[in-house]
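My entries follow in the order in which I looked things up.

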Amino acid sequence: MEKTILTGDRPTGRLHLGHYVGSLKRRVELQNSGEYKNIFIMIADAQALTDNFDNPEKVRQNILEVALDYLSVGLDPKISTLFIQSQITELTELTFYYMNLVTLARLQLNPTVKSEIQLRNFKTSIPVGFLCYPISQAADITAFKADTVPVGEDQLPMIEQTREIVRKFNHIYGEEVLIEPKALLPDNQVCMRLPGTDGKAKMSKSLGNCIYLSDTQEEVQKKIMSMYTDPTHLKVSDPGHIEGNTVFTYLDAFCRPEHFEKYWNEYSSLDEVKEHYQRGGLGDVKVKRFLNSIVNEELEPIRARRKEYEKDIEGVYEILKEGTQRAKEVASKTLMEVKNAMKLNYFDNKELITERLPK
Ligand code: TRP
């Protein structure tokens, strides 16, 4: 079987380091592995509207930001199809048919949806569109017959919902039309959820604790130097803790053996640094400087590519337009298969006429 990837992001803000270690970096690796025949990367503007319907301008602005982030991290439009969700009307049509296959109770049980409802304080005024976004996400995935969906763990309930829809669809409509997808999680435990610079569980724009891929070297340095560490590590000589210490969590995510030779040859492994820190006698500033060098090294090629693409914004829109056209062709083929399976093909189904002809 052809291996196909589909994944995407809501354009509600610039992408940050959390997105990078949690998914973007992996996507580029998957793209460059050559193992996948088709790779679809979607800017999920329609999904973003499910909780930003009153702020379409924000969604519009961030389409370009996210596209630039994609291209800057090394997603190559010659290999990966980058497209905009709302322009593929087939997705909406699929969503409508899939709605029949999902109960309200099932949607209300979705753990991600549940926590988002709490976070947004919807209480009893939950917009129907928002509640249904897992169904639309199933349309996104199945429209491209994706078997692999690289996502963060918070998206697992969406993949499970998609699998249920696929099984039910194939069972009822009697054909192997849809493909059951699998989630592909980040392989590194720390990358599952990079905390914010303030030590809070997640990077989030509203908490102001993000390091953005588009941040300048100075901005990154400032953020790293004021990062949350160990509040009990007051003097350099004090023993420090590394659990819950954001600087060390980031080092776990980014540090590689060769970084020591390059930036900090007093140590030869992260374990050595950790030991010293725990023993006492190693100050936060030194560790932060090391982290800063590493993060900036990682971001440098990303900044360089962004600079190039920013010179040609029209070209970026052209990339999105071409990707969207390609995506539409694939989705419309799937939609046709779905409608055939559902017997919604009245005008190309000659049987409808012949079975009524007088014998
Ligand atoms: N829900 C995803 C997010 O919030 C975005 C998304 C929409 C998506 N459709 C998708 C991800 C399909 C993977 C597959 O980031």
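**The shell around the ligand**

I began with the classes of residue, and found that the shell around the ligand has 6 nonpolar, 5 polar and 2 charged residues. I keep in mind throughout that this is a predicted model.

I then listed the neighbours: the ligand is surrounded by 13 residues, and the closest of these are R10, Q47, Q137, D140 and Q155.

Next I looked up polar side-chain atoms facing the ligand. For D140, such an atom lies 2.8 Å from a nitrogen atom of the ligand, and for Q137 a polar side-chain atom lies 3.0 Å from a ligand nitrogen atom. R10 has a polar side-chain atom 3.2 Å from an oxygen atom of the ligand.

How much of the ligand's accessible area does the protein cover? On its own the ligand has 370 Å² of accessible area, and the protein covers 90% of it.

**The largest pocket**

I asked where the ligand sits among the pockets, and noted that the space it takes is the largest pocket. The elements giving two or more residues to the shell around the ligand are β1 (4-9) and α8 (133-143).

For the volume of the largest pocket I wrote down about 1500 Å³ of space. Its lining comprises 46 residues, and those closest to the centre are R10, H19, E116, D154 and K202. By class, the lining of the largest pocket has 14 nonpolar, 18 polar and 14 charged residues.

**The second largest pocket**

Two or more residues of the lining come from each of α2 (45-49), α4 (89-98) and α8.

Which element gives the most to the lining of the second largest pocket? I noted α4, with 4 residues.

By class, I recorded 7 nonpolar, 8 polar and 1 charged residues in the lining of the second largest pocket.

How values were computed. Residues numbered from 1 in each chain as written. Predicted model: local features only at pLDDT ≥ 70, side-chain atom pairs only at ≥ 80, totals over all residues. Heavy atoms only, no water. Near = heavy atom within 4 Å. Polar contact = N/O pair within 3.5 Å; in protein donor to acceptor, adjacent residues only side chain to side chain. Areas by Shrake-Rupley, 256 points an atom, 1.4 Å probe, with all protein chains shown as cover. 1 Å grid on protein atoms, 1.4 Å probe; cavity = no way out; pocket = protein on both sides within 12 Å on 5 of 7 lines; lining within 4 Å. Sits in = over half its atoms within 2 Å of the grid points. Nonpolar A, V, L, I, M, F, W, Y, C, P; charged D, E, K, R; others polar. Points joined across faces, edges and corners; volume = space filled by probe spheres on them.
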